[in-house]
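I list what I looked up and what came back.

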Amino acid sequence: MAKEAGRKHAVLVGAGILCSRIFGLVRQRVFSHYFGLSDAADIFSSALRVPNFLQNLFGEGVLSASFIPVYAGLLGQGKREEAGRLAGAIATILALVISIIVAIGVVATPWLLWLIAPGYTGEKRELTILIVRILFPGTGVLVWSAWCLGILNSHHKFFLSYVAPVVWNLSMIVTLLVFRDLPSDKLIVYLAWGTVLGCLLQFLVQLPSVLKLVPDMRFRLDMSSLHVRQVVGSFMSVAVGRGVVQISAFVDQAISTLLGRGAMAAMTTAASINMLPISLFGMAVSAAELPTLSRMAGQEFDEATAASLSARLDSGLERIAFFVVPSAVAFFALGNVIVAALYQSGEFTSKDSYYVWAILAGSGVGLLASTFGRLYSSTYYAIRDTRTPLRFALVRLAVTAALGLASAFLLPGLLGIPAQWGAVGLTASAGVAGWIEFYLLRRKMNRKLGPTGVPVPIMFKLWSAACLAAIAACAVEYLVPNHGPILTAVYVLGIYGAAYFAVTYLMRIKECVELLGKLLRRAGIG
């Protein structure tokens, strides 16, 4: 029953994320249509990353990891009134802290830009400063949206919190379409204001449900509560760890601004595709499991609890692997088809598609490690260990910085290729660092719970099935005449998906057999 509930919750999270990501891809397609890989695209991509640091530092991942274990634990003990006081206190603290940081960020934007976009000068730099200042307040509102997510998830109301970003994407899409005739330097200013409006709407669509679930909540600055101090203490540790990851991303961004026109925009475009499997499978499973893992870990930690946590972790890892392995192989073998179908339009050319494919293939190096690592980190947070992920995140930062600099600046020269191709090395080196972090997380967890992870025979079968499916899809792409990016993607990726499911079914992979069995039963077959 517990595993079945976990799967149901993961499906709800995945469904919400899927809706959000689909609209995100539509938004990125419209953006690419009007901006391509131009200077305007670089400016907005870089500007959006600056306030996003605030969102990622204080938002969804950090707040969930620190708030949900304590809040869900109180709910599990039947202390709903105490849980309401905790929710109100955390909301008040967030409002105070975020207001101060946003104000400082708006004032300090010119100095921040020297750190994260050293390659931007003149008008490009000035316009980036303006966009960052517009976006900062909206991103602060998104942190409150993450607070809503923590409450909704703890009450097992998963769908709304993950589908809410749809309105954020819609706001940006509508802005682009309404003001599409403006020059690009004016259009991105309007787009920034549309983004801020989307942030506010994303928070407001969740708020009524939150107030209904916690009717007795009071917004008070209460630092005397033991539970508030627990959340704040965990929050600081997780935030530092998350901050390390964000610094790693900013290192890549700063380097990309030195690689020439279009490199930053291309990395952002590739990331929009790379994040799809990470969100749908890594985040969905991790987010769905965290409340349950927290309640399990809240019991007396003995051998039985350790065994239960280990089994739950392994089950989640197998679900992640079944979907992420073929995603990684698709990035390597079929990335050109994927990128062209999604973004090749208007100012985004066929040449741009191949460039983004190369960057996407680099992202595939660490795709499985990133998704596995999220679930391991959630398990650490569930057992109230926030320091271990922090230590290993520091290792990841150091490796990412060293390998990223070498890959971006040394390899293109050694290989005799243009500097902009250093962006491929950036994403690949981040993947290598991700594998090192995953290895460290797993090794330490194995000492606590015993052996964990997906068995080697299952991993071998999954990789073999994905490679065989990729060969079939590449053969179809080569043999069948080109009918345009979208139609080509339909039959090439359709063949790939069908072949992968067929081979894994013949191999009797549990996830495939169970999934197809459910689909057939719902269709009234079998």
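What covers the buried residues of α17? I found that the cover includes α11 (303-343), α16 (456-479) and α18 (510-522), with contact meaning heavy atoms within 4.5 Å. Helices here are DSSP runs (H or I, at least four residues), numbered from the N terminus.

I noted the ground rules. This is a predicted model, where local features need pLDDT of at least 70, side-chain atom pairs count only at pLDDT 80 or more, and totals for chains, interfaces and linings use all residues. Residues are numbered from 1 along each chain as its sequence is written, and side-chain values use heavy atoms, with hydrogens and water left out.

Next, I listed the buried residues of α17: T488, A489, Y491, V492, Y496, A499, Y500, V503 and T504. Buried means under 20% relative accessible area, exposed over 50%, partly exposed in between (1.4 Å probe, protein chains only). R508 follows α17 and has a positive phi, near 60 degrees.

Then I turned to salt bridges (a side-chain nitrogen of Lys or Arg within 4 Å of a carboxyl oxygen of Asp or Glu). The structure holds seven. I looked up D39 and K124: their closest N and O atoms are 3.1 Å apart. D39 lies in α2 (residues 39-58) and K124 in α5 (residues 122-154), so the pair ties together parts 85 residues apart in sequence. K124 is buried at 18% relative accessibility, while D39 is partly exposed at 35%.

I also checked R85 with E81, a salt bridge at 3.4 Å between the closest N and O atoms. R85 and E81 are four residues apart in helix α4 (residues 80-116), separated by about one helical turn.

Definitions and conventions: Helices (H or I, at least four residues) and strands (E, at least two) are DSSP runs, numbered from the N terminus.
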